[in-house]
Amino acid sequence: MTTFDLFVLGCGGGPYEDNLSSYFLKASDASWKDGVIALEAGSALGAVRKLLATHADVFATEAESVEKLTPAEVYSWIQCYLITHPHLDHLSGLVLSAGSTPRSSVPVHGTQYTLEAISDVFSGKVWPALASWTKRLDKPLLLSPLSPEDGYVALTDTISVRTMPISHGQSPISTGATDTPTRSPDSHSANSRSFEPYASSAFFLRHIPSAHEFLFFGDVEPDSLSSRPQTRDVWRTAAPKIPHTLSALFIECSWPAGRPDALLYGHLSPAHLADELSVLAREVIASRARSRANSRGSGSDGDEADDNEDDGNDRRRKRRRQSDEDAEVDVHGALAGLRVFVVHCKDDLHGKYDKPIHEVIAGQVRELVEDRALGAEIVAVEQGMLICAFLSSVTCALRARLLTDLRIAI
């Protein structure tokens, strides 16, 4: 039984603007025309035009005949937007296309921080004031905040989302003072400025009828380098669900191997992604051990899939945190059944590699994951893929290459 269809409108990390983070999500039993969730909105109408020009039937189902579509028609299918954080490579398409939609008050979901930044863009200075916090017929976009405290929030009749905070590098703390220098910029010491973690989000997307989920990360830095490490909390939430409830993870790996930590700019490299997946593997092992212990104590089946939403269980997990971290854990095969989709690879501007950068980076991650025997399958995401999520594990079938109908079943 299929649950989700995810079409990759764009998946790069820039700076090429025609392949930025942008995905169309729907329930598998629905037509694209019934409405989609725009998960990120870096690339937009231009990317749709490019894809339609090379593969006109990309949005056709087996039951539908191929018809000529325009980018505007495809973009009119968007029921709502879901944005992880307010960097331009994740929302420039939203901004540029806002005045082209004939509808009003299309919801834009994100954290309060994300939406306040988007509101600043639509202040009338950077871009016309096309977004509002309340429903208005003259505003195409409706800013609709999500909070980690909300739990799962329905986006459509069949898909809901849970938001969790993650960190994406450092951001200067606003003091209310102007940043315009009164002397030479060299006279301002970087050490005199205050910084805080830049807020990004991870989304648990749930297919409501089946309760099957996948996990989608916005841009994220390694916990090992963060002044506010938050990714481990996401792993603890995901661990009890893997692989039967949650079998797919989308996460960035912006840089190839060899990038110095000081130049990651709040992103992951293959070594750091492998380290993060190792942490996830440890959490999966720990979760299964707790489930077995709970099962022996209660006589139940010990299904912990949704226990992570319970505050009491959260507190118990925190008390176990130090002992879990200190223990020697065999993680061999812990992530079997999980597919890790590598996204947000920065473009190879200088032609250093002899194959596409997303294949280079995913290959480097794959090698590290295999060396550690974690059991996860690593998939290089590319523009034009159609990714279908199933409740059970199935094989990967690639029918064509870039900018065609690349179908992957997970």
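Tutor: Start with a location: in which helix is Pro71 found?

Student: Pro71 is in helix H2, residues 71-75. What makes a stretch a helix or a strand?

Tutor: Both are DSSP runs, numbered from the N terminus: helices are H or I with at least four residues, strands are E with at least two. This is a predicted model, in which local features need pLDDT of at least 70 and side-chain atom pairs count only at pLDDT 80 or more, while totals for chains, interfaces and linings use all residues. Residues are numbered from 1 along each chain as its sequence is written, and side-chain values use heavy atoms, with hydrogens and water left out.

Student: Why is Pro71 called partly exposed?

Tutor: Buried means under 20% relative accessible area, exposed over 50%, and partly exposed in between (1.4 Å probe, protein chains only). Pro71 has a relative accessible area of 22%, so Pro71 is partly exposed.

Student: What does Pro71 touch, leaving out residues up to four places away in sequence?

Tutor: Pro71 touches Leu45, Val48, Arg49 and Leu52; contact means heavy atoms within 4.5 Å.

Student: Which residues of helix H1 are buried?

Tutor: In H1 (residues 45-54), Ala47, Val48, Leu51 and Leu52 are buried.

Student: How do you know that they are on the same side of H1?

Tutor: They cover an arc of only 130° around the axis, which puts them on the same side of H1. The arc is that of the directions from the helix axis to the C-beta atoms. In general, an α-helix has 3.6 residues a turn, so residues three or four places apart point the same way. The face turned away from the buried side of H1 carries the exposed residues Arg49 and Ala53. What covers the buried residues of H1 includes strand E1 (2-10) and H2.

Student: What makes strand E4 mostly covered?

Tutor: Of the 5 residues in E4 (residues 78-82), 4 are buried.

Student: How do you know that strand E3 and E4 pair?

Tutor: Two strands pair if DSSP finds at least two bridges between them. E3 (residues 36-41) and E4 have 4 bridges and run in the parallel sense. In this pair, Val36 stands opposite Ile78. E4 is also joined to strand E5 (residues 106-111) by 2 bridges, again in the parallel sense. There, Leu82 has His109 in E5 as its bridge partner.

Student: Which elements make a right-handed β-α-β unit, and what does right-handed mean?

Tutor: E4, helix H3 (residues 88-97) and E5 make the unit. A crossover is right-handed if, with the strands pointing away from the viewer, the path from the first strand over the helix to the second runs clockwise.

Student: Why does Glu40 count as buried?

Tutor: Glu40 has 1% relative accessibility, so Glu40 counts as buried. Glu40 is found in strand E3, and its phi is near 70°, a positive value in a residue other than glycine.

Student: Ala211 also has a phi near 70°. Where is Ala211 found, and is it buried or partly exposed?

Tutor: Ala211 is in the loop between E10 and E11. Ala211 has 34% relative accessibility, so Ala211 counts as partly exposed.
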